Amino acid sequence: MTTRDRLRIAIQKSGRLSEPARDLLARAGLSFRESRDRLFCYGQSLPIDLLLVRDDDIPGLIADGVCDLGVVGRNVLREQALERAAAGKQPAFTELRELGFGGCRLAIAAPSDAGIDAIGDLAGRRIATSYPQLLRAWLQGLGINAQIVVLSGSVEIAPRLGQADAICDLVSSGATLVANQLREIETVLETQAVLAGPVLAFGDERAELAELLLRRLQGVLTVRDSKLVLMQAPRDALPELLRLLGDADVPTLTSIEGRSEDVSVQTVCRGAVTWQRLEDMKKAGARGLLVVPVERMLA
Ligand code: ATP
Ligand code: ZN
């Protein structure tokens with residue numbers, strides 16, 4: 001591995017993952033100077049630079065040591081890992097952590113009139129996909145023998161063109177499937193954007209930079225859904241309130257001057273604090289409920 005004192009992160013140049021990736025890095029305190037060729041962005045706040053590329057190139061760039069980390073869909077990362085393994089190559093990149101955006105699933109779908117209603121019906125059929133390795137591994141695991149038709153794009157029209165009986169493609173809302181008269185049958189892989197990195201640890205300054213980045217990402221991602229919840233309540237309502245605050249940190253309780261039967265409660269909730277939950281808390285005796293977004297968190 002080459003020695004470098006700056007960390008280089010590859011992200012998608014344009015597509016579904018580019019804006020959320022840039023936004024996440026900005027929230028982690030990274031800022032960049034845009035270059036004219038739009039390939040390379042120089043890191044200003046930290047020695048961490050950006051490389052803007054096609055998402056499919058990211059695993060290979062990490063394997064070749066051209067970049068150190070990458071933001072890429074788990075679907076792309078796993079597909080290329082299986083491809084390397086099939087070619088007898090050593091693993092070179094790995095998933096370091098989920099990033100909480102770009103969520104979708106790789107799923108099997110078929111025309112409603114294809115007679116494919118369950119996984120078992122796929123035996124002997126042709127399935128079109130851009131993810132042959134993931135599909136092959138999944139079929140193998142289930143002991144199903146089917147023919148894989150590899151297509152690089154527009155997989156959803158393959159059944160209508162007579163190229164395949166079913167498809168294995170990325171689905172989020174399912175609108176594309178409906179528009180193509182396809183019915184979803186089974187999920188092959190749940191995927192989302194992940195931070196990818198090399199299998200081998202960095203042997204220089206990059207190790208510390210990567211650690212710093214991971215710590216900050218941890219902070220940003222926990223904060224994203226966290227809310228500070230404040231209220232006052234009678235002490236005897238606490239057991240019920242704590243039950244309603246199930247996903248919260250251990251609350252800080254403060255006594256209120258001159259009102260020994262009441263207590264002030266402060267806690268951080270990790271999940272959605274819905275109106276329903278607030279109304280339940282009010283019913284349980286809470287007063288002056290306040291839900292405040294959390295800006296930063298450092299554990
Ligand atoms: P590139 O030009 O970089 O190769 P692309 O066309 O391969 O772009 P996008 O369509 O932007 O890529 O998708 C990038 C990633 O976004 C996918 O690999 C997947 O992980 C994620 N994704 C999230 N939702 C969806 C969806 N509904 N369809 C396709 N991909 C999705
Ligand atoms: Zn791509």
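Q: Which residues are the closest to ligand 1, and how many surround it?
A: In this predicted model, 14 residues surround ligand 1, and the closest are Gln12, Arg54, Asp56, Asn75 and Ser172.

Q: What makes the pair between arginine 54 and ligand 1 a polar contact?
A: The cut-off for two N or O atoms is 3.5 Å. A polar side-chain atom of arginine 54 lies 2.8 Å from an oxygen atom of ligand 1, so the pair counts as a polar contact.

Q: Which pocket does ligand 1 take up?
A: Ligand 1 takes up the space of the largest pocket. The shell around ligand 1 is made of four nonpolar, six polar and four charged residues.

Q: Why is ligand 1 said to lie between domain 1 and domain 2?
A: Domain 1 (7–102 + 193–223) and domain 2 (104–191) both give residues to the shell around ligand 1, so ligand 1 lies between them. The chain also has domain 3 (227–293).

Q: How do you know that domain 1 and domain 2 are in contact?
A: Contact requires heavy atoms within 4.5 Å, and ten residues of domain 1 are in contact with eleven residues of domain 2. The centres of these two domains, taken over C-alpha atoms, are 29 Å apart.

How values were computed:
Residues numbered from 1 in each chain as written. Chains lettered and ligands numbered in written order. Predicted model: local features only at pLDDT ≥ 70, side-chain atom pairs only at ≥ 80, totals over all residues. Heavy atoms only, no water. Near = heavy atom within 4 Å. Polar contact = N/O pair within 3.5 Å; in protein donor to acceptor, adjacent residues only side chain to side chain. 1 Å grid on protein atoms, 1.4 Å probe; cavity = no way out; pocket = protein on both sides within 12 Å on 5 of 7 lines; lining within 4 Å. Sits in = over half its atoms within 2 Å of the grid points. Nonpolar A, V, L, I, M, F, W, Y, C, P; charged D, E, K, R; others polar. Domains from an automatic or database assignment.
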